[in-house]
Amino acid sequence: MFRKTFILTFLGLMMSLFTMSVSASYAFEKSFQEPVTKVAQNFPEKFETASKNSYAIDVVSTSSGEWTFDNAMIGGSDNDAKNGEKSVRMKEKSKLTMNFDIPTGIQQVKLKYGIYQTDEEASFELWVSTNAGKAWMKMGKAIKATNKKLKIATFEVITKKPSRIEIRKTDGTENRLNIDDISIATYLNAVKSPSTSATVQEPIVLISKPTRDDNLALGNPSKAISSTSSPNNFLMTKTSYSLSYNKSKNIANWVSWHLSKAWKGDAARQNNFRPDNTLPEGWYQVTPRDYSDAGFDRGHLCPSDDRDGNPEENQETFFMTNMVPQAPENNRGIWKHLEEYTRTLLDQGNELYILAGTLGQGGTGSNGTTKTIGKNNNIVVPASIWKVIVVLPVGEYDAVRVNTTTRVIAVNMPNLNSVGAGDWKKYRISVDELERLTGYDFLSNVPTNIQKVVENVVDKE
């Protein structure tokens with residue numbers, strides 16, 4: 001009897017503890033998953049209470065606050081694409097600008113867009129300011145409207161600073177664009193776990209000052225390692241860039257670097273091409289003389305002009321491990337033009353992650369077609385040279401800021417003199433296609449669902 005009573009009492013106690021444990025666990029989980037965003041006060045903005053009957057620049061009071069309409073008006077005709085009675089109508093180059101801040105920052109902006117009546121396509125961009133409109137940063141890619149049926153555009157902004165937005169119609173044509181139902185998700189106060197001091201889902205803060213970031217922040221595409229057990233995928237890490245070196249080819253598979261204005265300066269080009277003595281002992285060190293009379297340039301993968309912050313970093317770009325045999329007209333023409341274009345993106349408030357690499361064997365230089373060069377004919381001439389450029393507004397925590405509207409440029413150019421006078425845009429491909437050709441996994445630190453979208457797109461800007 002005592003034994004039976006004891007067992008029942010013990011089982012009851014265990015059930016009570018289990019129930020308490022489950023309840024506590026559920027309470028913790030519920031608190032942990034508490035959302036940290038909400039729709040900003042007085043949004044979504046539907047423009048139903050506003051009136052403006054001309055395109056002349058003016059300030060308009062709406063249900064959310066005051067907006068400046070520049071070459072924009074409130075449209076309410078049957079020809080306007082709208083959800084309700086009214087929407088914003090924009091033409092030519094025009095702007096719709098918030099004159100107030102969302103004080104707790106902006107996590108996401110959603111809006112609806114369409115074409116007025118039977119007008120042809122129009123393009124627009126979303127810009128964000130975190131300093132009361134003194135400076136603006138573009139978010140993601142331009143959006144193209146092609147018909148009257150409203151579509152939804154989503155922009156991941158992710159800043160906890162007081163912020164405002166501006167919508168810019170950028171195509172400059174007479175085609176009219178309608179904008180409606182602007183919704184802004186903002187941050188609540190950060191949520192704390194009840195049992196720890198850790199912050200749950202701490203928002204990422206968009207910063208306006210460029211920084212120097214990890215050259216492999218978006219991933220190591222070939223999983224290169226710094227071990228002689230992997231001689232043809234050997235990881236080398238320098239201040240200015242990281243690279244995967246191929247001992248059998250005596251060139252890099254790829255070079256990866258981060259580029260922002262923080263890396264830029266006025267250091268002179270050092271021009272001191274030299275062997276890389278950081279290669280493992282016993283490995284062949286390519287010298288500048290290996291390229292003498294070969295008919296190919298010592299082509300930089302990470303350009304000298306991307307590392308002119310100081311002389312030491314510029315010197316790093318002249319290691320022969322950063323060089324590949326490149327057709328002279330290609331190097332000095334089309335490839336140079338792409339490098340120069342890339343640096344102009346910095347002036348638009350962006351930072352970049354860039355990878356450049358080699359593919360195949362056999363190129364055509366000044367002396368004709370060949371597969372190898374060098375004193376010992378042991379340096380492989382690539383058949384093509386490729387590049388991937390990820391464009392982000394200046395910020396931090398970059399891998400998680402890549403979203404489905406992030407611009408990603410991928411090119412694969414034949415290593416031929418004959419392409420030198422051409423347009424680099426002709427050689428744009430998708431990242432997916434470049435992965436198929438190279439066997440690499442680009443942007444591997446970016447969430448998989450985002451990779452699937454951005455890597456499938458061929459840049460058109």
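Predicted model: local features only at pLDDT ≥ 70, side-chain atom pairs only at ≥ 80, totals over all residues.
The ring centres of Phe 47 and Trp 67 are 5.9 Å apart and the planes stand at 65°, so I noted the pair as edge-to-face. Phe 47 sits in the loop between strand E1 (37-39) and strand E2 (58-61), while Trp 67 belongs to strand E3 (residues 66-75). The pair therefore ties together parts that are 20 residues apart in sequence. I found that ring pairs join Phe 47 and Trp 67 with Phe 43, Phe 69 and Phe 100 in a cluster. The count of aromatic pairs comes to 12.

Next I checked charges over rings. The charged end of Lys 91 sits over the ring of Tyr 55, 4.5 Å from its centre. Arg 307 lies over the face of Trp 263, 3.6 Å from the ring centre.

Then I turned to the largest nonpolar core. I noted 45 residues in this core. Tyr 245, Val 255, Trp 257, Leu 352 and Met 413 touch the most other members. Among the elements giving two or more residues are helix H3 (328-344) and strand E24 (407-414). Strand E15 gives the most, with five residues. Apart from this core lies another one of 37 residues, including Val 60, Phe 69, Phe 100 and Ile 167.

I followed up Met 413. Beyond its neighbours within four places in sequence, its contacts include Ile 334, Trp 335, Leu 338 and Trp 424.

Last, I looked at Ser 229. It lies in the loop between strand E12 (199-200) and E13. Its relative accessibility is 61%, so I marked Ser 229 as exposed. Its side chain makes a polar contact with the side chain of Ser 227, at 2.7 Å.

Conventions. Residues numbered from 1 in each chain as written. Heavy atoms only, no water. Core = buried A, V, L, I, M, F, W, Y, C linked by side-chain atoms within 4.5 Å. Buried < 20%, exposed > 50% of the residue type's maximum accessible area, 1.4 Å probe, protein only. Helix = DSSP H or I, 4+ residues; strand = E, 2+ residues; numbered from the N terminus. Contact = heavy atoms within 4.5 Å. Polar contact = N/O pair within 3.5 Å; in protein donor to acceptor, adjacent residues only side chain to side chain. Phe/Tyr/Trp six-rings, centres within 6.5 Å; stacked < 30°, edge-to-face > 60°. Lys NZ or Arg CZ within 6 Å of the ring centre and 35° of its normal.
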